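Student: Please pick one part of this model and take a close look at it. I would like one connected account, with the cut-off behind each term.

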Amino acid sequence: MTPTTPPSRWFQFGLRTMFVVVFLLAIFLGWLAWTLRMIHARRAVLESVSDRHGDFWTLGRCQEGLGGPKDVREAEARELATQCSIPFWRKWLGDEPVALIFDTFGTEVDRSEQRRLFPEAIAIQQFPGLEGFQIDLNNLEPVPIAPVLSNPVPRAIK
């Protein structure tokens, strides 16, 4: 008699194994959704800062703007990179580390939201009471755009 080979079957697993795999997959997908929602919220905050005539500097922009001798520049760039870094998976998902935020007309609620969403930012600055002024980031001195009119709409003459 010749030994018979058993028929090939698909990989089998138990119900407990399936529940564990589904549970771990759900945890991973929940974490991924939370991370993506945070990245979208960070982009929305940066857009609102730009809409309020503020500015933000990403890590790359800060490193490009460093001046001085080459060895000092490289040391400052390394220090800046260690101070404001984000996890590698957020970089893979399209997020960028933000080093500086200049929010011109933001409120205290905006500032707390920025602190929560940008823990890597070195300085979150606001310039209160500067309505009608533009901030020159090279000098950090207020430069008037135009005089602020108390009543910009002319009244009809009777």
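Tutor: Helices (H or I, at least four residues) and strands (E, at least two) are DSSP runs numbered from the N terminus. This is a predicted model, in which local features need pLDDT of at least 70 and side-chain atom pairs count only at pLDDT 80 or more, while totals for chains, interfaces and linings use all residues. Residues are numbered from 1 along each chain as its sequence is written, and side-chain values use heavy atoms, with hydrogens and water left out.

The chain has five helices and five strands, in the order α-β-α-α-α-β-α-β-β-β along the sequence. Of its 158 residues, 24% count as buried.

Helix α1 covers residues 15–51; at 1.5 Å a residue its 37 residues should span 54 Å, and the end C-alpha atoms are 53 Å apart, which agrees. The expected span is 1.5 Å times one less than the number of residues. The buried residues of α1 are Thr35, Met38, Ile39, Arg42, Val45, Leu46 and Val49. Just after α1, His53 has a positive phi of about 65 degrees.

β1 and β2 run antiparallel and are joined by four bridges; two strands pair if DSSP finds at least two bridges between them. In this pairing Thr58 stands opposite Val98 in β2.

Leu25, Phe28, Leu29, Trp31, Trp34, Leu36, Phe88, Trp89, Trp92 and Leu93 make a nonpolar surface patch of about 1,000 Å². The elements giving two or more residues to the nonpolar patch are α1 and α4, and α1 supplies the largest share, six residues. Patches are made of residues with over 30% relative accessible area and no salt bridge, with like charges joined within 9 Å and nonpolar side chains (Val, Leu, Ile, Met, Phe, Trp, Tyr) within 5 Å. Accessible areas come from the Shrake-Rupley method with a 1.4 Å probe, and for residues only the protein chains shown count as cover. Trp34 is in helix α1 and, at 45% relative accessibility, counts as partly exposed.

Next, the charged contacts. A salt bridge is a side-chain nitrogen of Lys or Arg within 4 Å of a carboxyl oxygen of Asp or Glu; by this rule the count is five. The side chains of Arg42 and Glu120 form one at 2.7 Å, N to O. This pair links distant parts of the chain, since Arg42 is in helix α1 and Glu120 in the loop between α5 and β3 (123–126), 78 residues apart. Both Arg42 and Glu120 are buried.

Asp110 and Arg52 meet in a salt bridge at 3.4 Å, N to O. Asp110 lies in helix α5 and Arg52 in the loop between α1 and β1, so the pair ties together parts 58 residues apart in sequence. Asp110 is partly exposed, with a relative accessible area of 24%, whereas Arg52 is buried at 19%.

The side chains of Asp95 and Arg90 also meet in a salt bridge, at 3.1 Å, N to O. Salt bridges that share partners join Arg42, Arg90, Asp95 and Glu120 into one network. Asp95 is buried, with a relative accessible area of 8%, and Arg90 counts as buried at 10%.

Definitions and conventions:
Buried < 20%, exposed > 50% of the residue type's maximum accessible area, 1.4 Å probe, protein only.
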